[in-house]
Amino acid sequence: MSTNIPEGKEAAVKLADSDFAADRREHDVRAAVGDYWSRVRSGDLGAVPAILGLAGLVVLFTALRPETFLSTGNIANLSTQALPVTILAMGLVFVLLLGEIDLSAGVASGVCAAVMAKLMVDAGQPWYVAVITAIGVGIVIGTAIGWLVSVVRIPSFVVTLALFLGLQGITLRLIGDGGTVPVRDDVIVALANKNMPVWLGWTLAVLCAAGYAATQLWRWRRQRERGLVGRPSSSWRARSP
């Protein structure tokens, strides 16, 4: 009986071996930089366009308003304004990794915000009740979308496009013709407009850096235990601060 591997299977084994070869090759910072540069040259730009675009915008607005754009107050204001979009983008990453799409994320968050505001302003509920209820509404909306896509097998584009239109109607129904609900709760206003104490900010920064370092260390050790070699330890240690 022949023990030769069929040609098709042998090709598949070689292909798989080449795909995972980088996971078994010892990396240092120089090799990691070389691998990244090779990917960029082959067309896998990754985050380079976004970084270059951001740098260009910073240079442009600094040149137009040098006295105000890079001021502490303006940077803090820009960070506050970007936070809702950043949180939505972080959630959409998981959807995109699954090869799906969600067009309703923005309006779904609008419904949750409207529910929170109406509970505080009209129903007189404390902020924590309103926030928990708004989170619950978001969970219900997300579960409904997931059920329609994964169980009923309706394409995510169709489901989220329909909810994109329908949830806007729910938001308009909740907030009425005026389109605004004045929220004056001290805690919510402080979250949106005030700064935390300096010591607390540094404490959170240290905790986040320590948590990231611990996660990367655990991942690095797991790779070592399985005979795999990933990102060099000096790389993730440099990112931790």
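**Exercise 1. Find which helix gives the most residues to the lining of the largest pocket, and describe that pocket.**

Solution. H6 gives the most to this lining, with 10 residues, where helices are DSSP runs of H or I with at least four residues, numbered from the N terminus. The structure is a predicted model, in which local features need pLDDT of at least 70 and side-chain atom pairs count only at pLDDT 80 or more, while totals for chains, interfaces and linings use all residues. Residues are numbered from 1 along each chain as its sequence is written, and side-chain values use heavy atoms, with hydrogens and water left out.

Next, take the pocket itself, which is an open set of points on a 1 Å grid over the protein atoms alone, with protein on both sides within 12 Å along at least five of seven lines, and whose lining residues have an atom within 4 Å of a point. About 1,500 Å³ of space lies in the largest pocket, a volume being the space filled by probe spheres set on the points. Its lining has 38 residues, of which Pro84, Ile87, Leu88, Ser109 and Cys112 lie nearest the centre. At least two lining residues come from each of helix H4 (72-97), helix H5 (105-121), H6, H7 and helix H8 (186-193).

Finally, sort the lining: 25 residues are nonpolar, 11 polar and 2 charged, where Ala, Val, Leu, Ile, Met, Phe, Trp, Tyr, Cys and Pro count as nonpolar, Asp, Glu, Lys and Arg as charged, and the others, Gly among them, as polar.

**Exercise 2. Describe how H6 packs against H7.**

Solution. Two packed helices are described by the angle between their axes and the distance between the axes. Helix H6 (residues 127-150) and helix H7 (residues 156-175) pack at about 145°, with their axes 9 Å apart; axes are lines fitted to C-alpha atoms over the stretch in contact, and angles run from 0 to 180 degrees between N-to-C directions. On the H6 side the contact (heavy atoms within 4.5 Å) is made by Ile141, Ile145, Leu148 and Val149, and on the H7 side by Ser156, Val159, Thr160, Leu163 and Leu167. These residues divide into 7 nonpolar, 2 polar and no charged.

Key:
On a 1 Å grid over the protein atoms alone, a cavity is a set of points where a 1.4 Å probe fits but cannot get out, and a pocket is an open set with protein on both sides within 12 Å along at least five of seven lines; lining residues have an atom within 4 Å of a point.
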